[in-house]
Amino acid sequence: MDKLRVGPWLVAALIMAAVVGLLYPHQLGVLLWSLTKLSFGAYLGYWIDRSIFPYARPGDALDPPPPEARDYYLPLMVEEGMMDPAMLMLRRAIIIAAAIIALGLGV
C-alpha cells in the first residue's frame, strides 16, 4: 500500500477526465494525454525523491539517519541527529515540480 500514497491524485485525474469526456467529447483525447503526463510526473517525482534520498525523507526529519548515512547527508543536518523538515519538503516539491514540467513539456 505504500506505493499508492499518491493514488488519490490519479483517481481525481480519472474522475475529471470522465466529466470532461461527458461534457466535451471532442477534447477527451487531448485532456487524457495531458492528465496522464501530469499524473505520471507527480508519481515519478515522488519516487525519484524517495530513491535519491532514502535517509532524508520529510516525515523522518526528527529521527536521526543511520550512522552510515551521516556523512552523505551532512549538509542537511541542522544539529547532530536532526534535519530541517522545511528544507526536506522544499527539496521534494522541487523534484516533483521538475518531473511534472519535464513531462508536460514533452511531446
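Helices (H or I, at least four residues) and strands (E, at least two residues) are taken here as DSSP runs, numbered from the N terminus. The structure is a predicted model, in which local features need pLDDT of at least 70 and side-chain atom pairs count only at pLDDT 80 or more, while totals for chains, interfaces and linings use all residues. Residues are numbered from 1 along each chain as its sequence is written, and side-chain values use heavy atoms, with hydrogens and water left out.

Of the 107 residues of the chain, 26% count as buried, where buried means under 20% relative accessible area, exposed means over 50%, and partly exposed lies in between (1.4 Å probe, protein chains only). A contact is scored when heavy atoms come within 4.5 Å. Among contacts between residues at least 6 apart in sequence, 54% join residues at least 24 apart.

The buried residues of α2 are L35, K37, S39, G41, G45, Y46, D49 and R50. These buried residues pack against α1 and α3 (85-105).

R50 is found in helix α2 and counts as buried because its relative accessible area is 8%. Not counting residues up to four places away in sequence, R50 touches D2, R5, R57 and R92. R92, in turn, lies in helix α3 and is buried too, with a relative accessible area of 13%. Leaving aside neighbours within four places in sequence, R92 is in contact with Y46, D49, R50, R57 and P58.

A pair of aromatic rings is described by the distance of the centres and the angle of the planes. Rings of Phe, Tyr and Trp (its six-membered ring) pair if their centres lie within 6.5 Å; planes under 30 degrees apart count as stacked, over 60 as edge-to-face and the rest as tilted. By this rule the count comes to one aromatic pair. Y46 and W47 form this edge-to-face pair, at 5.4 Å centre to centre and with 90° between the planes. Y46 is buried, at 7% relative accessible area, whereas W47 is partly exposed, at 23%.

V20 counts as partly exposed because its relative accessibility is 24%. Leaving aside neighbours within four places in sequence, V20 is in contact with P25 and L31. The C-alpha atoms of V20 and L31, 11 residues apart along the chain, are separated by 8.0 Å.

On a 1 Å grid over the protein atoms alone, a pocket is an open set of points with protein on both sides within 12 Å along at least five of seven lines, and lining residues have an atom within 4 Å of a point. The largest pocket is lined by 13 residues, of which W9, L10, L38, S39 and A42 lie nearest its centre. Both α1 (7-23) and α2 (28-52) supply at least two residues each to this lining, and α2 gives the most, with six residues.

Technical notes. 1 Å grid on protein atoms, 1.4 Å probe; cavity = no way out; pocket = protein on both sides within 12 Å on 5 of 7 lines; lining within 4 Å.
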